[in-house]
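I opened this model to look up a few places one at a time, and I wrote down what I found at each of them.

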Amino acid sequence: VEGLIGDLSYQGRALSNLLSVVPKQNVLVIPMESMSIDMQGVVDSVMDHVGGVRWDLNRTSSSSETQLNNGKEGDVPYATVTNETRDALREKFREDVLLLEWLVGKRFSWSGWAHNKKEKEEEEEET
């Protein structure tokens, strides 16, 4: 992962850079899993944050209203990666995931792999 695409993958670094020039209260961080847990709550949070009017995701759309595309899953299967590729990506992004969690003040449900190696290394340093 190189160049601009690779740089965009570093979410912790990107958030850190943003917070260096924008006051924290002007930034709303929404963990991706929140969309599957409470999509209406996420929309409400965004509208409250920007000073907009809340709207109901469950309303029936008509030609005069916003048409919603909620990104429903299709028949396209997820791509798989080899263990070697997965390990290389985890190594590349481990520190950035830890930075992102520190900035947000939340441990993500999907980031256990980033902590496992870090915790193991700390245990080895203690012995």
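**Entry one: a glycine in a helix**

I began with Gly12, which I found in helix H2, the run of residues 11-19. The model I am reading is a predicted one. Which residues is Gly12 in contact with, leaving aside its neighbours within four places in sequence? I listed Asp96, Leu99, Leu100 and Leu103. I also checked Trp102, which is 90 residues apart from Gly12 along the chain, and the C-alpha atoms of the two are separated by 8.7 Å.

**Entry two: a buried charge**

Next I turned to Glu101, which has its place in helix H5, residues 83-104. I found Glu101 to be buried and without a salt bridge, since the nearest side chain of opposite charge, that of Arg107, is 5.0 Å away, and a salt bridge needs the atoms within 4 Å. What I did find is that a polar atom of the Glu101 side chain lies 2.8 Å from the backbone nitrogen of Phe108. Beyond its neighbours within four places in sequence, Glu101 has contacts that include Lys106, Ser111 and His115.

Last I looked at H4, residues 39-50, whose 12 residues reach 17 Å from first C-alpha to last, close to the expected 16 Å. I noted Val42, Val43, Asp44 and Met47 as buried in H4, and helix H3 (33-37) is included in what covers the buried residues there. Just after H4, I read a positive phi of about 80 degrees at Gly51.

Note on methods: Residues are numbered from 1 along each chain as its sequence is written. This is a predicted model: local features need pLDDT of at least 70, side-chain atom pairs count only at pLDDT 80 or more; totals for chains, interfaces and linings use all residues. Side-chain values use heavy atoms; hydrogens and water are left out. Helices (H or I, at least four residues) and strands (E, at least two) are DSSP runs, numbered from the N terminus. Contact means heavy atoms within 4.5 Å. Buried means under 20% relative accessible area, exposed over 50%, partly exposed in between (1.4 Å probe, protein chains only). Lys and Arg count as positive and Asp and Glu as negative; His and the chain ends are not counted. A polar contact is a pair of N or O atoms within 3.5 Å; within protein, one must be able to donate a hydrogen and the other to accept it, and residues adjacent in sequence count only if both atoms are side-chain atoms. The expected span of a helix is 1.5 Å times one less than its number of residues.
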